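Work through the exercises below with the structure open beside you. Try each task before reading its solution.

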Amino acid sequence: MNFLTGITNLTSWMGNVIMPTLAALFFALGVLRYAHGQAHTYAPWAGFLCLMVSGVLRGIEKFAAQAAWNNPDLVWITLRGMVNWTCNVFLPVYAVLQLLHGVMLYAGIGHRIYAGGAWMRHFSAAALCLVLSGLLRLAEWFIAQGLGGIS
Amino acid sequence: MSAFANDTVIFVNTFVIGRLVPVLAAWMVLRSVIDWSEGYTPLASILCAMFLLAIPASAALLQSWNDGTRFGTAAVLEGAWTYTASRIMPIAAGLAVIGAVVNFAFGRPAIRLIGSAATFLTVSALWRLVVSMM
């Protein structure tokens, strides 16, 4: 028994076993909060992040491996990589999401349709409760598709 | 005198390492559960339990860093730094990412832990950067 093996296995167990299991809990929490008309968007994002723990770590490792380990510029290069990725990869994807959100709001979805009528929120919450397993599998499929990178 | 030394070695190996340390590690696991129930992180107690269980291996590791010269103390410290920066810190980065996701899920600050993960992975370069600034 040595310390390095212990924390390696602890990290691997938490990242690859516990967090993906908790993802389902956060998706369920999102549905429950949605059904009660509370802020719910953070919960599915937390579920996605639980499924992406390894990917996030591999991403940061990629940023931190752009130069030799003893290169003093590595700190700056890592920070630059993270800023570059945030501005040139994440923000364009987020822009698409915002456009979609804007179109939905313009169409009245989330404003005149579901928030204006609680009955519709409850019906859609019931539907989400029944398809939660499918949604989780869909999220896992998206994460698995991302293993090979975005083509 | 050799008999006393022999008795001490037997006492440490059979009683302290063999019996006492595993029990203390088990208590640390229990303490981690209590820490969690009180709203504190259980990670510190879990790591303490792992460190206790790994005392023989850690002692052997420390001895392997001692080059037996008059600079042995510095050699052990150098070995500990290299081991920490090259082996422990990348694993700590993984734990920091997990902590960031958990913090995000519970509405607590998460960006600081993502930055910590990046820093853990570049700690050697950070050291070189500080040296190059001097």
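Asp35(B) is buried, at 12% relative accessible area, because buried means under 20%. This is a predicted model.

**Exercise 1.** Find which side chain meets that of Asp35(B) in a salt bridge. Then say how the two residues are placed in their helix.

Solution. 
- Step 1. The partner is Arg31(B), with N and O 3.8 Å apart. That passes the cut-off, because a salt bridge needs the nitrogen within 4 Å of the oxygen.
- Step 2. Arg31(B) and Asp35(B) both belong to helix H1 of chain B. They are 4 residues apart, about one turn of the helix.
- Step 3. An α-helix has 3.6 residues a turn, so residues three or four places apart point the same way.
- Step 4. Arg31(B) is partly exposed, at 44% relative accessibility, whereas Asp35(B) is buried.

**Exercise 2.** How many salt bridges does the structure hold over all chains? Locate those in chain A.

Solution. 
- Step 1. The total over all chains is 3.
- Step 2. One of them joins Arg58(A) and Glu61(A), with the closest N and O atoms 3.0 Å apart. These residues are 3 apart in helix H3 of chain A, so about one helical turn separates them. Glu61(A) is partly exposed, at 27% relative accessibility.
- Step 3. Another joins Glu140(A) and Arg137(A), at 3.2 Å from N to O. Both lie in helix H6 of chain A, 3 residues apart, again about one turn. Glu140(A) is partly exposed, at 29% relative accessibility.
- Step 4. Check the interface of chain B and chain A. The rule finds 0 salt bridges across it.

## Around helix H1 of chain B

**Exercise 3.** Is Ser32(B) buried or exposed? What does Ser32(B) touch beyond its neighbours within four places in sequence?

Solution. 
- Step 1. Ser32(B) sits in helix H1 of chain B, residues 2-37.
- Step 2. Ser32(B) has 4% relative accessibility, so it counts as buried.
- Step 3. Leaving those neighbours aside, Ser32(B) is in contact with Pro42(B), Ser45(B) and Ile46(B).
- Step 4. Look at Leu30(B), also in helix H1 of chain B. Leu30(B) is partly exposed, with a relative accessible area of 40%.
- Step 5. Leu30(B) and Ile46(B) are 16 residues apart along the chain. Their C-alpha atoms are separated by 9.1 Å.

## Where the chains meet

**Exercise 4.** Describe the interface of chain B and chain A: its contacts, its area and its make-up.

Solution. 
- Step 1. Count contacts. 33 residues of chain B are in contact with 32 residues of chain A.
- Step 2. Take the area. About 2,900 Å² is buried between the chains, and carbon and sulfur atoms give 86% of that area.
- Step 3. Look for polar pairs. The rule finds 1 residue pair in polar contact across the interface, both at pLDDT 80 or more.
- Step 4. Name the helices of chain B.

**Exercise 5.** Which residues of chain A does Thr122(B) contact?

Solution. 
- Step 1. Thr122(B) lies in the loop between H5 and H6 of chain B.
- Step 2. Thr122(B) is buried, with 3% relative accessibility.
- Step 3. A polar atom of the Thr122(B) side chain lies 3.0 Å from the backbone oxygen of Ala118(B).
- Step 4. The contacts in chain A are Ala64(A), Leu74(A), Val75(A) and Thr78(A).

## One side of a helix

**Exercise 6.** Which residues of helix H2 of chain A are buried? Why are they on the same side of H2(A)?

Solution. 
- Step 1. H2(A) spans residues 42-51, and its buried residues are Ala43(A), Ala46(A), Gly47(A), Cys50(A) and Leu51(A).
- Step 2. They cover an arc of only 140° around the axis, so they fall on the same side of H2(A).
- Step 3. The buried residues of H2(A) pack against H1 (3-35), H3 (53-63) and H6 (132-145) of chain A, together with H4 of chain B.

Methods: Residues numbered from 1 in each chain as written. Chains lettered and ligands numbered in written order. Predicted model: local features only at pLDDT ≥ 70, side-chain atom pairs only at ≥ 80, totals over all residues. Heavy atoms only, no water. Contact = heavy atoms within 4.5 Å. Buried area = accessible area lost by both parts, 1.4 Å probe. Polar contact = N/O pair within 3.5 Å; in protein donor to acceptor, adjacent residues only side chain to side chain. Nonpolar A, V, L, I, M, F, W, Y, C, P; charged D, E, K, R; others polar. Buried < 20%, exposed > 50% of the residue type's maximum accessible area, 1.4 Å probe, protein only. Arc of directions from axis to C-beta.
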